[in-house]
Amino acid sequence: MDKDCELQKIVAFNSYLEANVEAQYTFLAGGLIGILVLVLTLFYEGVFDVFGGRFLGLIPFAIVLIGVFYAFSRILQFIKDQQTKYLSLVFDLISKVEKGETIPSLNELKKKVDQKNQL
């Protein structure tokens, strides 16, 4: 077994996992900015005005913002949990290489991660 080759497989696999997580973070940030721009535009245009008053329009505006931030915090926590699982998988692969065991091919590792994400 060539340890350098096995470690290079781990580096490539880790890059794949990092790209997956970073894409999710980017999508989440873009979605948050888009929704905030939409909600602020609606507030500015007076859609949230209740009984013709801007001040009373703050209540539904605040409720919408709280809901948006709660949903995004739950999604952020899911992404963080997924990132932690990925890191533990990489650490397990490194410990296997340290013990002298071979690790599966990159395609098999990718299939295992994809199967776990579908459950």
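**Ground rules.** I'm working with a predicted model, where local features need pLDDT of at least 70, side-chain atom pairs count only at pLDDT 80 or more, and totals for chains, interfaces and linings use all residues. Residues are numbered from 1 along each chain as its sequence is written, and side-chain values use heavy atoms, with hydrogens and water left out.

**Cores.** I looked up nonpolar cores, meaning sets of buried Ala, Val, Leu, Ile, Met, Phe, Trp, Tyr and Cys residues joined through side-chain atoms within 4.5 Å; buried is under 20% relative accessible area, exposed over 50%, partly exposed in between (1.4 Å probe, protein chains only). The largest has 15 residues, and Leu-17 and Tyr-86 are among those touching the most other members. Helices α1, α2 and α3 (106–118) each supply at least two residues, with α2 giving the most, 7. Helices here are DSSP runs (H or I, at least four residues), numbered from the N terminus. Apart from this core I found another of 5 residues, including Phe-43 and Phe-48.

**Lys-9.** Is Lys-9 buried or exposed? I find Lys-9 buried, at 19% relative accessibility, in helix α1 (residues 3–44). Beyond its neighbours within four places in sequence, Lys-9 contacts Ile-103, Pro-104, Ser-105 and Leu-106 (contact: heavy atoms within 4.5 Å). A polar atom of its side chain lies 3.2 Å from the backbone oxygen of Ile-103.

**Leu-58.** I placed Leu-58 in helix α2 (residues 58–99); Leu-58 is partly exposed, at 35% relative accessible area.

Methods. Polar contact = N/O pair within 3.5 Å; in protein donor to acceptor, adjacent residues only side chain to side chain.
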